[in-house]
Every structure is written in C-alpha cells, then in structure tokens.
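Welcome! Let us walk through this structure together, one pairing of side chains after another.

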Amino acid sequence: REYIINVLQTFEMHIIPMLNPDGKQALETTNDYCWRWNSKQHRVDLNRNFDWKFAGKRGSTHKKGTEEWHGEYAFSEPEAKYIYDLLKNNNYSVVLDI
C-alpha cells in the first residue's frame, strides 16, 4: 500500500478510460468484435490515422469505407488528434497502454 501511495504522490498520471466510445457502441450493436473504426459514419481505422508512415504503400488504403482506410489525412479524426495533442503538450517519460 505504501508503494502505491508513493507512486501516486510522485508521478503525474493521465488516465483515458475510453478513447473511442462511438466505436465501442458500434462494436456492441453489430457484435463485430474485430471492429477497429471510430464510428459507423466515418469508418476510419484509427490505428492508421497517425502520421507515422501515413498512407504508405503497405497496410492502409486510400479507398474510403474499406477496412484499412486511413482517413483523409493524418490526425483527421478527433480521437487520433486528441492523442497527438496530449503527447505533444506533455513531456511524458513513460506511456502505458493497457
């Protein structure tokens, strides 16, 4: 218990409980447990909406509505832009994604 208290008093933590609520709702209504997109309207694969090798020759597509569609441009979706802004505006020494 003392260790946990020490960690909480020493480090600043940002906890994001859910980044993609629209995607979660779509997953639950379709029972498609491979759902990777942000919403039924946009259907952008958020894993591919970041600027690292955006729209590269492998792993993503320019075809809107397909499974690997990366979006109009890097960070075009609010979920990806939020993560970008969070990382840009904070000097993190560790990021933990569970």
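Asp45 counts as buried, at 0% relative accessibility; buried means under 20% relative accessible area, exposed over 50%, and partly exposed in between, with a 1.4 Å probe and protein chains only. Its side chain meets that of Arg48 in a salt bridge (2.4 Å, N to O), and Arg48 is partly exposed at 23%. A salt bridge here is a side-chain nitrogen of Lys or Arg within 4 Å of a carboxyl oxygen of Asp or Glu. The model is a predicted one, where local features need pLDDT of at least 70 and side-chain atom pairs count only at pLDDT 80 or more, while totals for chains, interfaces and linings use all residues. Residues are numbered from 1 along each chain as its sequence is written, and side-chain values use heavy atoms, leaving out hydrogens and water.

The structure holds three salt bridges. One of them joins Lys24 and Glu28 (2.3 Å, N to O). Both residues lie in helix H2, four residues apart, about one turn of the helix; helices (H or I, at least four residues) and strands (E, at least two) are DSSP runs numbered from the N terminus. Lys24 is partly exposed at 37%, and so is Glu28 at 44%.

Stay with H2, residues 21-30, for a moment: its buried residues are Gly23, Ala26 and Leu27. Seen down the helix axis, they fall within an arc of 100 degrees, so they line one face of H2; the arc is that of the directions from the axis to the C-beta atoms. The face turned away from this buried side carries the exposed Gln25 and Thr29.
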